[in-house]
Amino acid sequence: LPQTGDIRGLGAFLNQRKNSLEHCYTAAAKARPTLAGKLMLRITLAGAGKPSEVEVDDETLGSDRVSSCVRTVVSNWTFPFQVNSTIELPLVFAPAN
């Protein structure tokens, strides 16, 4: 893993994993088709690429099911860099048109 304070490649890393986050939303949206809103995740990385903490700082989605699923999914990721850092990640969920 690269050791860098500059978290390069974060966008590509997240883009490759967006389907796992969308799965959290679509599973809940089956029961609530109008479910829409935002989650602001705070991901704390402690060295080896594994999150030491994943918290929802702000949310307008109103779905504990989605929040919990997203936290679980992200907690199991291994980020492609070794850095002690906190990442704030806004996630917006809305029904497909």
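Which residues form one aromatic cluster? F13, W77 and F79 do. This is a predicted model: local features need pLDDT of at least 70, side-chain atom pairs count only at pLDDT 80 or more, and totals for chains, interfaces and linings use all residues. Residues are numbered from 1 along each chain as its sequence is written, and side-chain values use heavy atoms, without hydrogens and water.

**Aromatic pairs**
- Rings of Phe, Tyr and Trp (its six-membered ring) pair if their centres lie within 6.5 Å; planes under 30 degrees apart are stacked, over 60 edge-to-face, the rest tilted.
- The count by this rule is four aromatic pairs.
- F13 and W77 are edge-to-face, because their ring centres are 5.7 Å apart and their planes stand at 90 degrees.
- F13 sits in helix α1 and W77 in the loop between α3 and β3, 64 residues apart; helices (H or I, at least four residues) and strands (E, at least two) are DSSP runs, numbered from the N terminus.
- F13 and F79 are tilted, with centres 4.8 Å apart and planes at 35 degrees.

**Burial**
- Buried means under 20% relative accessible area, exposed over 50%, partly exposed in between (1.4 Å probe, protein chains only).
- F13 is buried at 5%, W77 at 8% and F79 at 0%.

**Nonpolar core**
- A nonpolar core joins buried Ala, Val, Leu, Ile, Met, Phe, Trp, Tyr and Cys residues through side-chain atoms within 4.5 Å.
- The largest has 27 residues, of which I43, V70 and F79 touch the most other members.
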